Amino acid sequence: MTEEKNPELTKDTELSEFCDYLTNRENKDRLFKFIFGNEKYKHVTLSLYNAISGRNYTNPEDIELNTIEDVLYMGMKNDISFLIGDMMNFYEHQSSFNPNMPMRMFVYAGMIYSKYIGKVTKRRIYSTVLQKFPLPKCFCFYNGESKKDDRIVLSLKDAFTDSDIMEPDIDVKVTMININYGHNKKLMDSCKPLNEYAWFVDRMRSYTKETGNPDKAADKAIDEMPDDWTIKSILLENRSEVKRMWLTEYNAEEHLETMKEDAMYFAMEEARKIVEEEMAGEIAEMRAQFKKEEERLKGESERIKGESERFRNESERAEEQNIRSVKALMVKQNLSAEMAMDILDVPMDKREVYKKILL
């Protein structure tokens, strides 16, 4: 496959390229899903499955991907589901901790098993003979920057009211696995592509923080990756798509907020030290310096407000895309607006607005 030509995302082209990317439904995958949930790269999916399950399948064609492609979370596709042998696997990637993952998995798994019943067993669920179904296994692959244990088991029953005094009749358990580089060494040793992915994300984050340029950070990480690594050929073949996915995942607004907080902290800390150290005769000079710093912070605040407005506009475009996603799911799955928004985890405070637009 010939790599698509793509101009470097400079300051002049970055926003327009980014907006084009957001409006293209074919480019919604997160990097994790693109690598581990791709029909073209099922050998990578198989490596991850074998490492997670302890099995030793050798034929990638044994994997039957059945991911529901219209389900988006925060405007992106981050879930993978597939059937192999007698096991139905549900994998989801998250870059921030989500304690509601069991409920999301419960709803998603219901959709997958509903399709499976319609395709394979037809109406045999009404039979007087017990029907057997593939064993479900649910995993969330976490690589956020907040520190988390290597493995955490999340349980749906913890989300139910009164579950402390009465055992609920429905439960779903999701094993959250920390796949940040340096975590879960045994798993990483068993699945080289996962270890390579963890290394790649770690490098991109580091270089993005150093340069403030996600595009160049991705290029540098790809170029530094050893040539004999499994996923390097995937990254090279899809370099422009990989860079766009990383740009989307990079939380520029959070980074800007951190910079603002740091600037305020250091400015106030400096002012405090001046007050403590200056002699009484130098108070007037100290006040002048503080006033100058205050004006500088005011200018910085205005600049940040301008940047925030730009991100707010991007957020509005993302809202429009989320509404289109709800509508697409309603049509494809014949769902009500409320059910579609439940599946997509639409915040409660936005649902009435969505309904007015959708209905």
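Is I170 buried, partly exposed or exposed? I170 is partly exposed, with a relative accessible area of 42%. Keep in mind as you read that this is a predicted model. Its chain has 359 residues, of which 44% are buried, and its secondary structure comes to 13 helices and six strands.

**The chain as a whole**

- Among contacts with a separation of 6 or more, 62% are between residues 24 or more positions apart.
- The disulfide count comes to zero.

**The loop between β5 and β6**

- I170 sits in this loop, which runs between β5 (151–155) and β6 (173–178).
- Together with M103 and F106, I170 forms a nonpolar patch on the surface. The accessible area of M103, F106 and I170 together is about 240 Å².
- Membership of such a patch requires over 30% relative accessible area, and I170 has 42%.
- D162 also has its place in the loop between β5 and β6. Although D162 is not a glycine, it has a positive phi of about 65 degrees.
- K157 and E167 form a salt bridge, with their closest N and O atoms 3.4 Å apart. Both K157 and E167 are in the loop between β5 and β6, and they are 10 residues apart.
- How exposed are the two partners, K157 and E167? K157 counts as partly exposed at 27% relative accessibility, while E167 counts as exposed at 53%.

**Helix α3**

- Helix α3 covers residues 42–53, which makes 12 residues.
- From its first C-alpha to its last, α3 reaches 16 Å, close to the 16 Å expected at 1.5 Å a residue.
- Why can α3 be called largely enclosed by the rest of the structure? The reason is that 10 of its 12 residues are buried.
- The buried residues of α3 include K42, T45, S47, Y49 and N50, and V44, L46, L48, A51 and I52 are buried in this helix as well.
- G54 follows α3 and has a positive phi, near 80 degrees.

**Salt bridges in the helices**

- Side chains of opposite charge can pair when their charged atoms come close. In this model the count of salt bridges comes to 20.
- One of them joins the side chains of D219 and R239, at 2.6 Å from N to O. This pair links distant parts of the chain, with D219 in helix α7 (residues 214–224) and R239 in helix α9 (residues 239–249), 20 residues apart.
- Are D219 and R239 buried or exposed? Both residues are buried.
- K291 and E295 form another salt bridge, and their closest N and O atoms are 3.8 Å apart.
- K291 and E295 are separated by about one helical turn, because they are four residues apart in helix α11.
- K291 counts as partly exposed at 47% relative accessibility, and E295 is partly exposed too, with a relative accessible area of 42%.
- Salt bridges that share partners also join D215, D219, D223, R239 and K243 into one network.

- Where does N334 lie? N334 is in the loop between α11 (283–333) and α12 (337–343).
- N334 has a positive phi, near 55 degrees, and is a residue other than glycine.
- At 71% relative accessibility, N334 counts as exposed, since the cut-off for that class is over 50%.

Terms used: Residues numbered from 1 in each chain as written. Predicted model: local features only at pLDDT ≥ 70, side-chain atom pairs only at ≥ 80, totals over all residues. Heavy atoms only, no water. Patch = residues over 30% accessible without salt bridge, like charges linked within 9 Å, V, L, I, M, F, W, Y side chains within 5 Å. Areas by Shrake-Rupley, 256 points an atom, 1.4 Å probe, with all protein chains shown as cover. Salt bridge = Lys/Arg side-chain N within 4 Å of Asp/Glu carboxyl O. Helix = DSSP H or I, 4+ residues; strand = E, 2+ residues; numbered from the N terminus. Buried < 20%, exposed > 50% of the residue type's maximum accessible area, 1.4 Å probe, protein only. Contact = heavy atoms within 4.5 Å. Expected span 1.5 Å × (residues − 1). Disulfide = S-S within 2.5 Å.
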